[in-house]
Structure formats: C-alpha cells, structure tokens
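Here's a walk through how the parts of this model sit against each other. Have the structure open while you read.

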Amino acid sequence: MTIIDDIESRLTHHGGKGKVIYRHRIATRVTHWTWAVALFFLLLSGLQIFNAHPELYIGKQSGFEFDNSVLSMRAMQTADGKVDGYTTIFGQSYKTTGVFGMSGPADNPSYRGFPAWATLPSYQDLSTGRVIHFFFAWFFAAAFLIWFVASLISGHLRRDILPSRADIRGLPKSLSDHLRFRFHHDGRYNVLQKLAYAGVLLVIFPLIILTGITMSPGMNAAWPWLLDVFGGRQTARTIHFVCMALLVAFFLIHIFMVVAAGPLNEMRSIITGWYRADPEKEEEHTA
Amino acid sequence: MSTFRINRRKFLTVAGAAASTIPLSGCDAFDGFLTSQSPVRDVLASANSLTYRVQRMLIDADALAPEFSASEVRQGQRPNGSTDPTDADYLALKEKQFADYRLTVGGLVEKPLSFSLDELRNMPARMQITRHDCVEGWSCIAKWTGVPLARILDEARVKPEARFVVFHCYDSMDLGLSGAVRYYESIDLIDARHPQTILAYGCNDEALRVANGAPLRVRIERQLGYKMAKYIKGIELASTLAPYGSGKGGFWEDLGYEWYAGI
C-alpha cells in the first residue's frame with residue numbers, strides 16, 4: 001500500500017493525497033476481465049476464421065460473377081512474375097506484403113489474409129478457430145447480459161455511462177483538454193469517457209453479438225428479421241469485422257489512457273474496486 | 001485547477017509502454033493446446049453441444065430458412081470441395097449420363113428401397129431459392145429442385161430406433177499420407193424431415209452439374225455447406241454414428257469440424 005501511495009503521489013504531481021473511493025462494483029470488475037480474456041481469444045480466432053475467405057462483401061451473397069466486394073487481402077502475381085500481398089479496399093489496391101495477403105519468411109512466405117502472429121492457431125486451421133471463437137463467444141455474450149442487467153438495476157448505466165445534458169454541454173472543453181493531454185481525475189467519467197464506454201458497451205458490443213448471430217444459418221430460420229436489419233448475411237459479416245476493428249482501436253486508446261492516468265491506481269481500481277481520486281477535484285465535489 | 005499534463009517525454013514513455021502490449025498476440029504460444037488430440041481443444045469444443053441445444057430450443061423444427069426471389073440468383077452456384085470425382089464407379093455412371101444410377105435407402109428402415117434418377121424426378125418436387133453458406137465465410141444464392149427427403153423416409157418407413165440419416169458419397173477426399181476416403185455426412189431426424197431438406201437433382205433450372213454434386217446432392221438449408229453431401233450414393237438410417245469413418249459423423253467432422261453446423 002505504501003509503495004503504491006508513494007508512486008502515486010509522485011505520478012499525480014500533487015502534494016496532498018486524494019481520497020480513496022470505491023469506484024468499480026463487482027459486476028463491472030468481473031465482466032471487465034471476462035471481456036478482456038474473451039475478446040483476446042475472439043479477436044485472434046476471428047482473424048483465423050476471416051483468413052479462410054479473406055474477403056468482405058455488401059449484400060446477401062458473395063459476388064463471384066459480380067462485384068460487391070469491399071475488402072480483400074490476397075496474394076497476386078504481377079506481370080513480371082513477382083508475387084505480393086495486396087489489400088483491396090473499395091476497389092483500391094495497396095501492396096501489403098509482410099502483413100496482409102502474404103507474410104512470413106521471405107524464402108517461404110504464406111499466402112494468407114492476416115499474418116501468423118495475429119491468428120489462433122498460428123497456422124491455418126479453420127475448424128479450431130471456430131471452436132475457440134464459439135467457446136469464448138458464449139462467455140462474451142453472457143458477461144454482456146450480466147453487465148447490462150446489473151448496470152441497469154444499480155443505476156451505473158444512467159449515472160456513469162450515459163452522458164448527461166451537462167456532459168454534452170462540456171463536450172468542446174473536454175475535447176480540447178484531451179487534445180492537449182490535460183486529464184482530470186476526480187473518479188467520475190468525463191464526457192469523452194462516457195461516450196467511449198457507451199459506444200463500446202451499448203453500440204459495438206450488441207452489434208458484434210447480433211451480427212455474429214446473423215451469420216448463423218440456423219438462427220436465420222429462427223430470427224430472419226436480423227437479416228433485414230443488417231442488410232443480408234454478407235453485410236452482417238462486414239459489420240462484424242468493422243466492429244472488431246473499432247474494438248481494437250478502442251483497446252489501444254484504453255491502454256494508452258490507463259498508462260497515462262497512472263497504471264497502478266487504474267489497475268487497483270479495476271481489480272479491487274478502490275481508486276484514489278485527485279485531492280483538489282474531490283474537494284470541489286464535496287463543497 | 002487540478003489537471004494532469006503530459007510533456008513530450010512523458011507522452012513518448014507512455015506511448016512506448018502502451019505499444020509494448022501490441023505483441024501480446026497469438027503467435028504460436030497456444031498452438032500446442034490446439035492440436036486435434038489436445039484435451040484443451042476438447043473442452044473448448046464442448047461449447048458446440050451447448051450451441052446445438054440452444055439452437056434446437058430457439059429454432060422451431062419446421063422454421064424455414066429464408067428464401068429469395070428469382071432476381072437474386074445472380075451467378076452460378078459456386079462449387080467447392082470435390083468438383084470432379086475420379087472414382088471408377090462414379091466415372092462409369094457419369095459416362096452414361098447417370099442412366100444406371102440408383103439411390104439406395106437402407107439401414108434402420110422397414111423397407112429398403114432404391115430409386116433411379118427418373119423415379120426421383122417423377123416424384124413430387126420442391127423448388128427453393130436459398131442461400132448456400134460455406135464454412136469459409138462466403139454465401140451464394142441458387143435455385144434448387146429436388147425430392148423432399150421426408151417423403152423418401154416415409155416410403156422406406158424409418159424404424160423407431162433410428163436417430164440419424166447418413167449420406168454415403170461417390171467422391172473420395174485426399175487425406176495425404178492416410179490415403180483417400182469417401183465423403184460422408186450425417187444429420188439428425190429433425191433436419192432430415194425439415195420441409196426444405198431435399199435431395200436435389202436440379203440447380204438454377206438445369207440438371208445438377210458435376211461440380212455441384214451430380215446426379216444427386218442434399219440441401220440442408222439451416223446448416224453450412226459441408227453438411228450438404230454431394231454425389232450421393234446411398235442413404236442409411238442409423239442409431240449411432242460410431243461405425244462410420246472416425247465416428248464423428250462426417251468427413252469434415254472427423255477432421256475437427258463441428259457436427260452441428262447451424263452456426
């Protein structure tokens with residue numbers, strides 16, 4: 001405790017120590033770590049599944065004799081016989097040898113969408129990718145259901161996640177503060193945090209679960225309306241992929257902010273629930 | 001005001017620390033746990049039986065897969081897997097335009113039967129425009145014509161102990177060192193009796209092509225493509241899947257794919 005306190009007081013640049021507050025309830029902490037583990041495996045197995053057919057389309061079916069492709073990662077041979085990996089987005093091709101379309105050692109390259117380091121298993125194995133994906137998908141969805149119900153009942157959703165009117169009014173200022181790397185730590189979420197968490201938890205999470213279900217031919221018979229909502233199975237697959245990319249972007253910013261805000265304090269709060277707020281800001285709230 | 005400012009040096013330190021989490025990736029660290037014999041893989045695969053049970057609960061036995069309008073048939077049916085079998089018995093049939101072909105129905109039935117292609121074509125047919133979803137991720141919409149499997153089962157009178165329909169096929173799949181094995185598949189009786197489950201002899205208003213499984217293939221519209229056996233030689237009613245192949249219920253299942261492919 002003393003070590004943490006000591007490091008923290010140096011990190012936060014304040015002489016006085018802030019009050020330790022109970023910031024994250026058990027439901028938030030347990031679901032946070034369930035998602036962390038599940039999303040790690042879902043991402044890597046999902047890229048494995050994508051690699052079985054590294055192309056995305058808009059519509060009900062995949063165009064083999066017509067073009068409705070929006071993204072592809074393929075190895076292609078040029079006129080001089082050289083093979084390279086190309087990523088094609090909306091008809092525009094970019095050479096991505098080494099990462100997308102073709103990767104691995106130069107003398108023994110693999111022709112695959114995402115490289116070996118980004119997939120589980122590292123080698124091409126669609127069936128195992130699917131086994132991993134559908135196992136963790138259950139945990140991911142179950143954690144979402146538990147979190148949603150618990151947060152609705154506890155008021156966490158209304159109090160901490162959905163931005164208030166005052167939050168929205170403060171948006172320009174919060175934005176300019178963030179752009180200048182000025183962060184406030186009073187234990188509450190600022191408007192950008194609220195928007196980020198609301199976007200992930202209330203938009204991307206339900207979207208990625210529902211588009212996943214939409215890809216199931218069995219569930220298409222039970223809930224055909226999902227196909228209409230998402231504009232066809234192949235569009236659902238594309239939305240599923242875009243949600244994945246947004247979650248990866250969120251993860252990178254999330255980790256950056258945790259490190260910037262004081263990783264020990266942040267880690268303590270998401271493990272034990274207890275968080276040390278900035279002292280001055282705390283006074284403002286109690287005043 | 002209490003703020004927390006980051007100078008450039010601190011920004012770089014933080015960015016570096018954050019970037020260091022990126023290689024936290026798949027690599028090959030987990031590969032050892034994911035081979036076909038691994039108990040870890042078996043535990044993960046147990047989620048598939050949960051998926052099967054939940055889907056059977058949510059999906060009505062007779063709930064139909066979506067059907068499409070004729071204008072949505074925009075391309076030929078994409079062939080996959082075996083597209084041109086070279087097995088001698090198949091080539092002999094193909095040479096005579098499948099005139100000598102006979103579909104056998106046996107196993108746990110009261111009355112084993114066999115049908116010529118003409119006999120099948122003369123039975124009441126079902127035509128459906130449906131979406132074929134490959135396990136790889138792509139989809140293709142085509143119009144299928146065939147005999148409802150339920151009708152064949154009724155004629156053969158399925159014994160009460162039967163639980164599965166097994167499809168035996170003409171095409172051999174190469175397994176590398178262990179040689180070649182004939183493709184086979186199996187489904188439960190719920191899918192076998194589903195109104196859209198047909199033995200198709202026509203695709204997109206013409207006779208089924210060799211690449212798509214001529215002379216006869218099955219359509220199981222609420223599951224993935226690998227369940228829909230092509231080049232069907234015979235149908236067998238069974239109480240267990242253990243005697244066939246490696247006992248997992250299908251060619252791809254024996255290689256690690258899930259038996260229930262409704263997802």
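Chain A splits into domain 1 (2–54 + 118–286) and domain 2 (57–113), with bounds taken from an automatic or database domain assignment. Before going on, keep in mind that this is a predicted model: local features need pLDDT of at least 70, side-chain atom pairs count only at pLDDT 80 or more, and totals for chains, interfaces and linings use all residues. Residues are numbered from 1 along each chain as its sequence is written, while chains are lettered from A and ligands numbered from 1 in the order in which they are written.

Back to the two domains of chain A: their C-alpha centres lie 31 Å apart. Where they meet, nine residues of domain 1 of chain A are in contact with twelve residues of domain 2 of chain A; contact here means C-beta atoms, placed from the backbone, within 7 Å. On the domain 1 side, helix 2 (26–51) and helix 10 (233–261) of chain A each bring at least two residues. Helices (H or I, at least four residues) and strands (E, at least two) are DSSP runs numbered from the N terminus. Helix 10 of chain A gives the largest share of that side, four residues.

Now for the two chains. Here 55 residues of chain B are in contact with 52 residues of chain A. On chain B, the elements that each supply at least two residues to this side include strand 1 (4–5), helix 1 (8–19) and strand 5 (139–148). Helix 3 of chain B has the largest share, six residues.

Methods:
Contact = placed C-beta atoms within 7 Å.
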